[in-house]
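Reader: Could you walk me through reading a structure like this one?
Author: Gladly; have a look at it here.

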Amino acid sequence: MTPAPRRPFLQRLGDRAEPWLYSAPALIVITAVMLVPLVVGISYAFRDVQILNPFSGGFVGLDHFRALAGDKAFRVALVNTFWWTVLTVLIQLLFGLILALLLDTPFRGRGIAQALVFLPWAVPTFLTGLNWAWLFNPTIGPLPHWLHALGLLAEPSNILSDPNLALWGPITAAVWWGIPFFAITLLAALQSIPSDLYEAAAIDGANPFQRFWSITLPFLAPVIAITVLLRTVWVANFTDLIIVMTGGGPADRTQTVASYIFTQAFKRLDFGYASAISLVLLFLLLAYALIILLLRQRLIDRDK
Amino acid sequence: MRAIGTLAHRLAILVYIAFALFPLFWLVKVSVTPNDLLYSEGIRLWPSRTTFEHFRFVLAHSDFPLFFRNSLIVSLATAFAATTLAGFAGYALSRFAFRGKLTVSGLLLVTQMFPLVMLVAPIFKLLSPLGLTNSLTGLVVVYVAFNVPFACFLMQSFFDGIPRDLEEAAMIDGASRFGAFRQIILPLTLPGIAATVGFVFTAAWSEMIFALMLISSNEKATFPVGLLSFVSKFSVDFGQMMAAGVLALIPACLFFLLIQRYLVQGLTAGAVKG
């Protein structure tokens with residue numbers, strides 16, 4: 001067999017370059033606005049960069065990290081980040097799953113009901129934060145009075161200014177805003193379960209709970225796992241609600257690592273310190289991703 | 001037994017709807033409550049008198065129309081620019097098998113995973129000498145970059161849904177690949193393009209962190225920046241604040257209605273982003 005005649009060099013080059021020509025504009029913008037600042041930001045973590053101080057800019061080595069090790073507010077932020085992320089994701093998942101199951105059964109008016117319960121997702125997050133801050137405000141909102149009437153609050157006060165309860169404010173807002181995301185994702189997964197499985201189970205006399213336990217849940221498990229893993233990262237980094245509702249207060253009791261970065265950069269204009277915290281956050285997220293990958297590998301090995 | 005189950009199901013749906021709508025209902029309620037009734041009827045579900053005074057004030061005597069216009073310009077420009085860039089890149093990802101494709105997809109995915117808040121400081125420092133801080137153009141540039149990766153995945157999934165035979169037939173008939181892309185594929189993807197524009201618009205309309213950091217003057221403030229500074233300055237004018245809040249809700253809800261059909265696709269493509 002003779003090899004196919006080689007096409008002229010320029011034509012081959014053109015063919016090679018074609019996909020790159022299509023994707024170049026997007027890649028250039030991403031590189032310039034995300035990757036370059038990422039690298040520059042990492043370098044700030046080892047420099048003294050303060051906008052208000054014209055003499056700053058020098059190399060300070062690991063000074064920021066030493067300061068960070070003794071920073072009590074940062075330690076509080078680490079603990080807060082854990083509770084904020086875990087509680088938000090789990091409550092969103094629980095209510096999102098129930099909603100998806102409710103919407104999976106056909107009923108009259110399902111389209112409208114679906115549009116209405118998904119609406120919070122379209123509300124801008126800054127407005128979600130303000131809106132819930134107003135609802136928790138006893139002068140203008142009903143929630144403190146209702147919680148008081150239910151005996152959950154000793155007096156109709158604002159939980160956002162109560163150091164022990166403040167974190168529940170942003171969590172409530174985040175749950176309200178994020179339920180649709182879980183519900184939509186899980187609903188899509190539910191609708192891909194073949195219906196003959198249910199029919200067979202019904203013929204075998206399985207009750208609804210057995211059907212949920214042995215058909216629905218195993219089918220949903222991978223989707224739930226992936227969604228929860230990705231959402232955890234996203235919620236951990238999500239600062240809008242905290243910044244709008246409490247600004248990290250009272251006394252740093254709602255400050256998360258991500259909102260602490262913003263506070264340092266935006267309020268103190270201390271870019272060096274903010275970048276050092278960013279680097280720590282990045283390492284924490286990488287460690288999280290690594291643990292997940294290892295866990296996954298273990299599970300796959302076990303299945304073999 | 002069956003009837004009870006059905007009743008419980010409908011009730012549960014109603015509870016969810018009430019929970020979803022209540023905060024928005026309260027926003028609207030306070031925005032139409034006259035000032036003299038604001039505290040005396042603070043926790044009544046609907047005031048005994050309603051007024052549009054707060055809306056009149058906000059529209060006529062405040063900077064909110066300006067903030068609204070700034071946000072509209074930024075969000076529309078971002079939506080169209082990001083969708084254009086993502087359309088090309090998504091097409092490349094959908095139609096070509098090329099060396100480096102996995103790297104490109106991986107790069108796009110990574111940009112969705114790391115905390116954007118860590119870019120606040122370096123982006124401010126890098127844009128400042130270019131004169132792009134306190135500028136709507138600067139905001140658009142930043143927002144386009146943040147939204148392109150997600151929009152790429154979305155556009156790729158729309159292109160994947162269109163059979164390759166179509167443009168292959170056109171290319172056999174003598175069209176160039178770009179010609180086939182422009183004349184055959186793009187028109188078929190129009191609904192997908194509209195959905196992508198809607199998603200990016202909504203994201204840009206909601207963005208607050210970078211707007212707070214980059215914008216320093218009232219003239220350039222987008223809606224979140226204007227609303228938050230209004231709240232910190234006039235924190236007792238609840239009626240006006242909430243009237244402004246209702247205004248911020250309008251475009252987001254319009255786009256929500258537009259993209260509703262594509263919600264599942266959008267959320268799975270941007271599962272990382274939300």
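**Reading the fold of chain A**

Author: Of the contacts in chain A with a separation of 6 or more, 65% are made by residues 24 or more positions apart; two residues are in contact if their C-beta atoms, placed from the backbone, lie within 7 Å. This is a predicted model, where local features need pLDDT of at least 70, side-chain atom pairs count only at pLDDT 80 or more, and totals for chains, interfaces and linings use all residues. Residues are numbered from 1 along each chain as its sequence is written, while chains are lettered from A and ligands numbered from 1 in the order in which they are written.

Reader: How many helices and strands are there in chain A?

Author: Helices (H or I, at least four residues) and strands (E, at least two) are DSSP runs, numbered from the N terminus. Chain A has 12 helices and 0 strands.

Reader: What radius of gyration does chain A have?

Author: It is taken over C-alpha atoms, and the globule rule is 2.2 Å times the number of residues to the power 0.38. Chain A has 25 Å, whereas a compact globule of 304 residues would have a value near 19 Å. Its C-alpha trace spans about 90 × 80 × 40 Å along the principal axes.

Reader: Is A:Val175 buried or exposed?

Author: A residue is buried if 20 or more other C-beta atoms lie within 10 Å of its own, exposed if 12 or fewer, and partly exposed in between. A:Val175 is buried because 23 other C-beta atoms lie within 10 Å. This residue is found in helix H7 (residues 168-191).

Reader: Which residues is A:Val175 in contact with, leaving aside its neighbours within four places in sequence?

Author: Those are A:Thr88, A:Ile91, A:Gln92 and A:Phe95.
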